[in-house]
Amino acid sequence: MHPPPPPYVMLSENHGSHHGSVRPPPYRRNIPQYHSRNQKEGGGGCLKCICCCYCFLFLLILILAGLALYFYTVFKPQMPSYKVEGLDVKSFAVQPDFSLNTEFLVAVKAENPNGHIGFIYGSQSNVTVFYTDSNLCSGQLPAFHQGHENITTMKVSLKGKSEFGSGLQQALLENRQSGRIPLLVKVRVPVSIVVGTIPMRQFVVFVNCSLVLDSLSPNKKPGIISSDYKVAVSF
């Protein structure tokens with residue numbers, strides 16, 4: 001035996017009547033959803049942009065490396081060399097207030113071995129002479145343009161007045177008796193590279209020259225017993 005079928009209920013068209021009528025369920029329509037292709041296209045465009053940037057950067061690095069290789073191959077750049085050729089003592093006297101009045105005339109030789117590169121030495125230079133960490137005198141290098149394969153000797157006048165305490169007097173007396181007086185010459189000079197006739201970037205050259213002299217007497221030209229040079233460059 002099969003159960004009898006459920007009774008059918010007629011839906012009334014009169015929505016105001018509540019007896020014997022059932023309200024039809026609201027009509028629902030499944031609206032199809034479409035995925036926009038702009039998201040995928042936007043992501044792909046971003047990826048293409050990043051790839052192009054990396055390719056451009058790689059190409060730029062390759063071009064710069066090629067130019068640097070060409071520059072070093074053709075021009076063969078070399079650092080200029082510096083040397084203290086001599087030192088004349090114009091004044092080295094203790095004043096009544098126990099200060100030390102110093103005046104030196106230092107000959108500095110700058111040699112440019114490059115065949116296609118010149119240098120422009122700026123005016124904001126500084127030359128200082130130290131004795132046992134005491135600043136004796138200072139001055140400036142002349143501003144000038146040094147051409148290709150050129151050797152220039154500059155006469156630099158250095159003047160100064162410093163405290164001359166008992167400790168400094170004792171150290172200088174001992175150095176004079178031994179005939180070995182240590183001095184430190186510090187040079188700071190801005191330099192611009194000139195390739196052909198085109199000035200390039202400026203950098204700063206630092207030179208520390210450790211000298212040992214046999215005397216510091218105004219009446220006698222001191223001899224240079226030994227010298228040691230350290231050169232550094234700051235861009």
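Thr-132 lies in the loop between strands β4 (126-131) and β5 (134-139), where strands are DSSP runs (E, at least two residues) numbered from the N terminus. Asp-133 is found in that loop between β4 and β5 as well.

The model is predicted, with local features needing pLDDT of at least 70 and side-chain atom pairs counting only at pLDDT 80 or more, while totals for chains, interfaces and linings use all residues. Residues are numbered from 1 along each chain as its sequence is written, and side-chain values use heavy atoms, without hydrogens and water.

Most residues other than glycine have a negative phi.

| Residue | Phi | Relative accessibility |
|---|---|---|
| Thr-132 | about 45° | 45%, partly exposed |
| Asp-133 | near 70° | 78%, exposed |

Here exposed means over 50% relative accessible area, buried under 20%, and partly exposed in between (1.4 Å probe, protein chains only).

Strands β1 (residues 81-94) and β2 (residues 99-112) run antiparallel and are joined by 12 bridges; strands pair if DSSP finds at least two bridges between them. Ser-81 is opposite Glu-111 in β2. Four residues separate β1 and β2 in a hairpin, and Phe-98 in the turn has a positive phi of about 65°.

The largest cavity holds about 120 Å³ of space. A cavity is a set of points on a 1 Å grid over the protein atoms alone where a 1.4 Å probe fits but cannot get out, and lining residues have an atom within 4 Å of a point. Of the 16 lining residues, Tyr-82, Lys-83, Val-108, Val-187 and Val-207 are the closest to the centre of this largest cavity.

Conventions. 1 Å grid on protein atoms, 1.4 Å probe; cavity = no way out; pocket = protein on both sides within 12 Å on 5 of 7 lines; lining within 4 Å. Points joined across faces, edges and corners; volume = space filled by probe spheres on them.
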